[in-house]
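Subject: Structure handover

Hello,

I am passing this structure on to you. Please open it first, then read the notes below.

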Amino acid sequence: MLHIYFGDMPDAIYNTSVYFNNTYKDSWITDQMTKDMIKAVDNSDVIDAKTIMSPIFGNMSPKKLSNGVKTLILISFDRKKVFNASTCGDNCAEWILRMAKERKVVINLRHLMDFGSEPFKIKIMNTNKIVKNMAELVFEAGEFV
């Protein structure tokens, strides 16, 4: 299940891009789920662990990926930390929900992310309430964002 803490969370990694650039492993980049996330969010293809083919930038390092994809990869592989998912656009929401179907995922948000119109199950850590759709999420998050 997805757990969200809204607002300032001192233990969360705020600058996910810098953290990613200094901690990622080559094996993370060549993982199939990572390849799928990079394709879906950045419209780019993984060539190998050191090379991503971007339609905008050409061949580039994984360090040049968008902040959103970097954050998704961190959520996927660095499970001991909580990451600021406000670095992600709404196009990352489905990937966060997908990971949370498999295991407990905890993220920090400083804005209201659009998780779409399909039902979901998200625990709001600020209130300990579980929400099941966007209307409930907006209501619960309202006082924190």
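A crossing of two helices is called left-handed if the near helix is turned anticlockwise from the far one by less than a right angle. The crossing of H1 and H4 is left-handed in this sense. Keep in mind that the model is predicted.

First, that helix pair. Helix H1 covers residues 16–23, and its axis comes within 9 Å of the axis of H4. The two cross at roughly 60 degrees, which makes H1 oblique to H4. On the H1 side, the contact is made by Thr16, Ser17, Tyr19, Phe20, Asn21 and Thr23. H4 brings Asn67, Lys70, Thr71, Ile73 and Leu74. By class, this contact has four nonpolar, six polar and one charged residues.

H4 (residues 67–77) also packs against helix H5 (residues 93–102). Here the angle is about 5 degrees and the axes are 10 Å apart. Angles under 35 degrees count as roughly parallel, so H4 and H5 are roughly parallel to each other. Leu72, Ile75 and Ser76 of H4 meet Trp95, Ile96 and Met99 of H5. Five of these contact residues are nonpolar, one is polar and none is charged.

Now the sheet. Three strands form an open sheet in the order E2-E3-E4, with antiparallel pairing. E2 (45–48) and E4 (58–60) stand at the edges. Each has a single partner strand, so one side of each is left without a neighbour in the sheet. Neighbouring strands are turned by 30 degrees against each other on average, direction ignored. E3 (residues 51–54) pairs with E4 over three bridges. Isoleucine 52 stands opposite methionine 60 in E4.

Best wishes

Key: Residues numbered from 1 in each chain as written. Predicted model: local features only at pLDDT ≥ 70, side-chain atom pairs only at ≥ 80, totals over all residues. Heavy atoms only, no water. Pairing = 2+ DSSP bridges. Helix = DSSP H or I, 4+ residues; strand = E, 2+ residues; numbered from the N terminus. Axes fitted to C-alpha atoms, helices over the stretch in contact; angles between N-to-C directions. Parallel < 35°, antiparallel > 145°, perpendicular 65-115°, else oblique. Contact = heavy atoms within 4.5 Å. Nonpolar A, V, L, I, M, F, W, Y, C, P; charged D, E, K, R; others polar.
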